[in-house]
Amino acid sequence: MEANEEKDKTNDKKKAANAFNRRDFIKMGAAVTAVGAATVTAAQTKAVEKLVEKNKDANIKTTTVDKVFEFDETYTPFNQKDNIFMSTITGRLPELQKKMMGFHGPGDIDPETPGMGRLDYALKEGAYAGVEYMAPGTPASIPNTGVNSWKQKTKEDKHHPFDYQYLFEDQYKFQDKTEATNAIKKAAKLYGANLVGITPRDPRFDYAKFIDPLHKKEFGWEEFPFEPKSVIVMAFEMDYEAYSTAPTYVSEGGTGDAYSRITKTTHQLAVFLRILGYKAVASCNDTGLNVPYAISAGLGEGSRMGLLITPKYGPRVRIGKIYTEFDFCNYDEPIAFGVTQFCEKCKKCADACPANAISRDEKRSFYPTHDNKNKFFNNSGVKKWYLDAEKCFGYWMQINAGCGACISACPYNKPDFWHHRLVDRLTAASPGPVHDLMREMDDIFGYGNTHDGEAVEKFWANKGD
Amino acid sequence: MDIFKGVEIMFFWLGVLSTLAVVLMIYLNKTYGFDWKTWTMTGFGAFLFIFCVAWSVSSVLEGEPQAAALGLVFFGSPAIILFLLARRGIVKKLKKSD
């Protein structure tokens, strides 16, 4: 009996020694969480520090924007007439111009091809209806049109007795920059922007000259009604399900709808600023380059396919902006969350591109390396991956719709769900080989399909509630 | 009223599931006396199991069934293996003490 009791006591002591009590469990959990959080934060901080350090070495001015942009001495601001839309419309790329006849028209409706039937075409045209009514041509970079007019409406230009949407003569004074910044961003969000950032105007990102493609008339900044000091940049999400069908009329419906929302929102924000007494011009793809402005306004990073990648929506956004003389605000700073490093390894957009227009070079360069590297539409002299715009746009002509396969294929293109944000953060904090693995996992998990007929069925099958 | 739908309901049930998992682990610890290996395996297994449920339900909600199925395989299987290993450890320990 005594021997048994002794044995039990010894067992209890062993048990107590081996047991991992609740306090230890909580301690261990807290420690693991702390180490995890510290690793992620440290890695992100390190990435930003690396960028700053790199640019210091290259003796580039350490202004906010120069943390992320590297220009060489040959860079000059881009001319609007050289971009792919204008050079095609004005006949400088005659082959593309021939194909462009009837582009976006109903002539190529094909009921046999998923996403290219009458219903899909109607969806696309309905989506573009807003921008086509309010500011026709702005998606193709035509400036000073419709509600994006450069004219600053005055009291004398009132349309009717109750029209007070003109430039007020006295300027509203904000108490401080934070109040002003918050007010502008709050208004932009109310009007429909998904992301907003404010950055100083940078002439390197503006078109050097503009063109009126109908009259082939060139004009410059001397016709702009004021000296812009700030640019308010906004990103607008495009529908995930619509973009899963890319390239089709359905996915272009996602694009057109974003353009219509951009036109509405940027016009509303321009009116907001004018009533506060500050001159403002709304802009879509015209007047200046959206992607560098969005990067410098802290909305995201540049990518292999040349588009903006935002932390929340990936590349599935369209961008609008406001040029304004207002500058009493806090400017946003560019952000880094590992996109450049991920793009070096991934190349999924290049694989998905049906026109083979996206660079496969591992590193970015100051000059294009593709087949059309010597053509005028390249805007060279800045470090990036260069897209072969002629091949890209040529494919649009071929299918009679905007493509978007690269956007659909990108691993950053995910619905706004918690688990994708978690994976993005883990990827950003991980070294190169993990990026390869993440790209493979993206395929295995079934994301990023293109030319997917089932996605079209799924889009139309889902209830619209 | 559609106050709670989709992801909100999922997170509510994840909260319930997490609480049940913690209560169950405490109960099993009291009954069988976990050592550090058992704690690690059941703790990590429970985390993976809950993560698996969260991942798969989220994938269904976002309309990506393949991601949901693969989530079950990638996160559910290791969770089950960890639970089985923990169980084997407990059974061994019980046999020894017998």
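Trainee: In which loop of chain A is Lys347(A) found?

Mentor: Keep in mind that this is a predicted model. Lys347(A) sits in the loop between helix H10 (339–346) and helix H11 (348–352) of chain A.

Trainee: What is phi of Lys347(A) near?

Mentor: General idea to begin with: most residues other than glycine have a negative phi, and most peptide bonds are trans. Here, phi of Lys347(A) is near 60°, a positive value in a residue other than glycine. Asn379(A) also has a positive phi, near 50°, and that residue lies in the loop between H11 and helix H12 (389–399) of chain A.

Trainee: Why does Asn379(A) count as partly exposed?

Mentor: Because Asn379(A) has 18 C-beta neighbours inside 10 Å, and a buried residue would need 20 or more. Lys347(A), with 17 such neighbours, is partly exposed too.

Trainee: Which residues does a cis peptide bond join?

Mentor: Ala246(A) and Pro247(A), with omega about 0°. Look for Pro247(A) in the loop between helix H7 (240–243) and helix H8 (249–275) of chain A.

Trainee: And the interface: how many residues of chain B are in contact with chain A?

Mentor: The size of an interface is often given as the accessible area lost when the parts come together. Here we count contacts instead: 14 residues of chain B touch 16 residues of chain A. On the chain B side, helix H2 (36–61) and helix H3 (65–97) each supply at least two residues. By class, that side has six nonpolar, five polar and three charged residues.

Methods
Residues are numbered from 1 along each chain as its sequence is written. Chains are lettered from A and ligands numbered from 1 in the order in which they are written. This is a predicted model: local features need pLDDT of at least 70, side-chain atom pairs count only at pLDDT 80 or more; totals for chains, interfaces and linings use all residues. Two residues are in contact if their C-beta atoms, placed from the backbone, lie within 7 Å. Helices (H or I, at least four residues) and strands (E, at least two) are DSSP runs, numbered from the N terminus. Ala, Val, Leu, Ile, Met, Phe, Trp, Tyr, Cys and Pro count as nonpolar, Asp, Glu, Lys and Arg as charged, and the others, Gly among them, as polar. A residue is buried if 20 or more other C-beta atoms lie within 10 Å of its own, exposed if 12 or fewer, and partly exposed in between; C-beta atoms are placed from the backbone.
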